[in-house]
Amino acid sequence: MTVAVSSSPRTAAGRVVWFTGLSGAGKSTLAAALHAELSVRGVPVELLDGDAVRENLSKGLGFSREDRDTNVRRIAFVAGLLARHGVTVLVSAISPYADTRREVLGELPRPLEVFVDAPLDVVTARDVKGLYLRAIAGDLPHFTGVSDPYEAPPQPDLHLRTDRISVSEGVRELLRALGEE
């Protein structure tokens, strides 16, 4: 008697799309819209939003450079685990320091670095909590882009100026960059 042994299907290669930029630039908005589009297309996809991760995985961390880097490394660790199991992982995190981003992106499978960019006056106008105005007034220390640095990626894989494009245009550019057109 011959028993047929079927091999389990190979897991498709996952990847990590890392959205970086100032608070209010549109990272979460674009990541959520891309998540919805990829889900409809049947792509295994997960969204790791910086705020949600900070609340659930990095609770207790402050906003020193060391704590911010720890938070980014934790996000990257989870993203890498998911991607190695065939998931497209969308990370939406300010991740302000270029060297830390380079480090974590270098360890992730098929990373795509997306710089979500909008000028300070635009992100300030979008800020419903008034955090930028408080930081500019000096009432909020360690605020990225005002009283703490944000080091923009010099050569991101994709640079999206959200003050110049719509969310749907941004999603089209992201799909093109992912080869999902």
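1. Let us start with one glycine. Leaving aside neighbours within four places in sequence, Gly26 is in contact (heavy atoms within 4.5 Å) with Val116 and Arg126. Gly26 sits in the loop between strand 1 and helix 1. With a relative accessibility of 17%, Gly26 counts as buried, because buried means under 20% relative accessible area, with exposed over 50% and partly exposed in between (1.4 Å probe, protein chains only).

2. A word on what you are looking at. This is a predicted model, in which local features need pLDDT of at least 70 and side-chain atom pairs count only at pLDDT 80 or more, while totals for chains, interfaces and linings use all residues. Residues are numbered from 1 along each chain as its sequence is written, and side-chain values use heavy atoms, with hydrogens and water left out.

3. Now the overall layout. The chain has 7 helices and 5 strands; these are DSSP runs numbered from the N terminus, helices being H or I of at least four residues and strands E of at least two. The C-alpha trace spans about 80 × 35 × 25 Å along its principal axes. Of the 181 residues, 44% count as buried. Among contacts between residues at least 6 apart in sequence, 77% join residues at least 24 apart.

4. In an unreviewed UniProt entry, the annotation "binding site" covers Gly21, Leu22, Ser23, Gly24, Ala25, Gly26, Lys27 and Ser28. Of these residues, Leu22, Ser23, Gly24, Ala25, Gly26, Lys27 and Ser28 are included in the lining of the largest pocket. A pocket here is found on a 1 Å grid over the protein atoms alone, as an open set of points with protein on both sides within 12 Å along at least five of seven lines; lining residues have an atom within 4 Å of a point. Do keep in mind that UniProt annotations may be inferred rather than shown by experiment.

5. Is Lys27 buried or exposed? Lys27 is buried, with a relative accessible area of 8%, and lies in helix 1. Not counting residues up to four places away in sequence, Lys27 touches Phe19, Thr20, Gly21, Leu22, Ser92, Ala93, Ile94 and Val116. The Lys27 side chain also reaches the backbone oxygen of Gly21 at 3.1 Å.

6. Another annotated residue deserves a look. UniProt lists Ser95 as "active site", again in an unreviewed entry. Ser95 is placed in the loop between strand 3 (88-92) and helix 4 (98-105), and counts as buried at 4% relative accessibility. Its contacts, apart from neighbours within four places in sequence, are Trp18, Thr20, Val72, Arg101 and Tyr150. The side chains of Ser95 and Thr20 are joined by a polar contact of 3.3 Å. Such a contact is a pair of N or O atoms within 3.5 Å; within protein, one must be able to donate a hydrogen and the other to accept it, and residues adjacent in sequence count only if both atoms are side-chain atoms.

7. Finally, the inside. A nonpolar core is a set of buried Ala, Val, Leu, Ile, Met, Phe, Trp, Tyr and Cys residues joined through side-chain atoms within 4.5 Å. The largest has 28 residues, of which Val17, Phe19, Leu34, Leu38, Leu90, Val114 and Leu174 touch the most other members. Among the elements that each supply at least two residues of this core are strand 1 (15-20), helix 1 (27-40) and helix 7 (167-178). A second, separate core of 16 residues includes Leu48, Ala79, Ala83 and Val87.

Definitions and conventions. 1 Å grid on protein atoms, 1.4 Å probe; cavity = no way out; pocket = protein on both sides within 12 Å on 5 of 7 lines; lining within 4 Å.
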